[in-house]
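Work through the exercises below with the sequence and the 3D view side by side. Try each task before you read its solution.

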Amino acid sequence: MAKQYQFPEQPIRRKRKKKERKFGNSNRKKLLLIFLVILFFICFLIGRLLLINLSNSDTYARIVMAQMDYDSKSIPFKRGDIRDRNGTVLATSEKVYNLVLDPYVVLNSNGDCEEPTAEVIEKYFDIDESKVYEVLDDNPDSRYMVLAKKLDYDTVKAYQDFMNSEDEKDQEESAYVKGIWFEEEYIRQYPYDSLAASLLGFTVGGNEGTWGLEGYYNDMLNGTNGREYGYLSEESDFERTTVAAVNGYNVVSTIDLNIQRIVEKYVTQLAQERGSKHTGVIVADPNNGEILAMTDYPTFNPNSPRDLTAYYTEEEIKAFSDTEETEILYDVWRNFCVSDTFEAGSTIKPLTIGAALDESKVSASDNFNCDGGEDLFDGVGMQHIQCHNVYGHGPTTLQEAVMWSCNDALMQIGNRIGSEDMVKYHRLYGFGQVTGIDLPGEASAENLVFDESTMGSFELATSAFGQGFNLTMVQMVAAFSSILNGGHYYQPHVVREITTENGQVVKSFEKVLVRNTLSEETCDWLKEAMHQTVSDDGPNTTGTAARVEGYTVGGKTGTAEKVPRGSGKYVVSFIGFAPVENPRVVVYVVIDELEDNQEDSGAPTKMAGDILREILPYLQVFPENGEAANGGDTGNYQWGAEPETNADGTPAESEDTEGSQTGESTSSASDLESFVSQWVDEDGDGYDDITGEYYWDDLAEYMEENGINTE
């Protein structure tokens, strides 16, 4: 029998008691520190919340609303108007409406609202019912679907009248019209279409001004959008919070709408009858630098600035590459009067002679001999620079040098002035420098004028009669105006003031005297010499086409052959002013590449005369004595100004009674002004908006009936 194995007995193990740990002082300190830190952050957060609630509660409330079931919409500002000097609106922003449909509201309102809503939309907004159903089917949860844009006020008002109608039948129908609302915005409008287009510019993308005043004063014209916040419940009820929009400022320009119309009439006439590459005209007040009119050709309609159909056929436009179309548009949009440079030609001659007189290099009694030209070394070889009278004018006085536009005499005068003084006076006249006119894109021609190192004897001779260096129209007007006002160079500008929408003046632009150019004595001599250039009947006189019967007119023609010489391309111009005794207005006409007979300086001369003939009576410069009837401030032209009176209140008698070519006038200036004042309409622009005619047509008839010269 096998012996069983017995396991040894296991020893009995006794459990040991765990040693009890005590919560010591160090642990208590750590716990207290943690508690204090947490308490500090809690207090900080509470304080921060209180601060936010007190100072920025509205801001954070809007952020929270935007992240919850809240709806918000922008309230657009109205861009400021651009007005002429008399308050006539040249550019404005018109409120339009976008039709918005809320499909969610239409589909989830009590009752069957789809059909009534679709019917009303078709009836009042001419949108087919099928399109409305399509929008509802495709976007059942949408809260914002734009069905139509740029609806006018009358269209929207017709719908609103229906919805607010007290007629029982209308109320029954409108009760089931849901989910329709309107979003406001503004579109830029130019009431006179292409009038002053390059000066005004236009807007893109709603409120971004480009070119002209729209671009230069963009920040002033723009305002700040407002916003409407509101909780949108299931019943489509709003709890609204509104921050009003801040509208832009208005820009009141120095432009006179009526003068602008007159100028553009003649520019258009030239374009239709003869044609040119470019034509520019500036009319300004020489006594303060204000621009009264500025236009150029080709032009555009700022209501549709990309429309080229006035110059090209549809087939030609479609054939243009993007680059070609951009270049053409740039040429049309660019303001020729401030952005293009050219050689001025003989209109520079009075300025050259003015420098010579002030530097005592010539005297009014000097004589010169014109034999048809001068031989000069141009750095390569001898060149014969001829006078326009290739046979020579013979003995020529200083005044005749202006009247006959003698190149030979001017070259001799330039030689007396010398390069150093010629450059000095060119700088005084502002050539090669921007004038600072408040328009974008002004060219300086800085690299197209001579300095002391580049003006040799040849360049000195050609500069004396206006060739070899470039300038802009606005530079020429500013420099020439300094002759007319006694030697003061004023900064040209096209804005008089900035105002709020309520008419309060924010900023006023007064005349800015930049520097003095010539002495008053020299200026007076030059004005009389240019008067003789227009009024003298001699065979060599150049400016007779600018005559205006009954007025004293002065001026100077200009003809410049373009580079390369011999190409047959010319810039012709005329700069004129009136009346000579007290110049009130200066007119500068430049024609670049006249299509027929490019050397015909008579074309700009005649245009300047035609413009002066119409604007002088409008400016109350009457032919009786060549002075404005009121004798007042030349910077504020208004119809019906008070006439001059004697101390006893009786009408003042004119010392000069020989102004009328038709004999003695049977009507006084006072009677004439009384007649004029009754024809001023509410706009104050002297223009009949119904008949489309100027009131001074009636004025001309009145003057003719009463024996007053109407030329």
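**Exercise 1.** Which residues form a nonpolar patch on the surface, and what accessible area do they have together?

*Solution.* Before starting, note that this is a predicted model, in which local features need pLDDT of at least 70 and side-chain atom pairs count only at pLDDT 80 or more, while totals for chains, interfaces and linings use all residues. Residues are numbered from 1 along each chain as its sequence is written, and side-chain values use heavy atoms, with hydrogens and water left out.

The patch consists of Leu33, Val37, Phe40, Phe41, Phe44 and Leu45, which together have about 640 Å² of accessible area. Accessible areas come from the Shrake-Rupley method with a 1.4 Å probe, and for residues only the protein chains shown count as cover.

**Exercise 2.** Find Val37 and decide whether Val37 is buried, partly exposed or exposed.

*Solution.* Val37 lies in helix H1, residues 25–55; helices (H or I, at least four residues) and strands (E, at least two) are DSSP runs, numbered from the N terminus. Buried means under 20% relative accessible area, exposed over 50%, and partly exposed in between (1.4 Å probe, protein chains only). Val37 has a relative accessible area of 38%, so Val37 is partly exposed.

**Exercise 3.** Describe the surroundings of Phe465.

*Solution.* Phe465 is placed in the loop between helix H19 (457–464) and helix H20 (473–484). With a relative accessible area of 7%, Phe465 is buried. Leaving aside residues up to four places away in sequence, Phe465 touches Gly345, Ser346, Lys349, Ile385, Asn407, Leu410 and Met411, where a contact means heavy atoms within 4.5 Å. Gly345 is 120 residues from Phe465 along the chain, yet their C-alpha atoms are separated by 6.0 Å.

Key. Patch = residues over 30% accessible without salt bridge, like charges linked within 9 Å, V, L, I, M, F, W, Y side chains within 5 Å. Salt bridge = Lys/Arg side-chain N within 4 Å of Asp/Glu carboxyl O.
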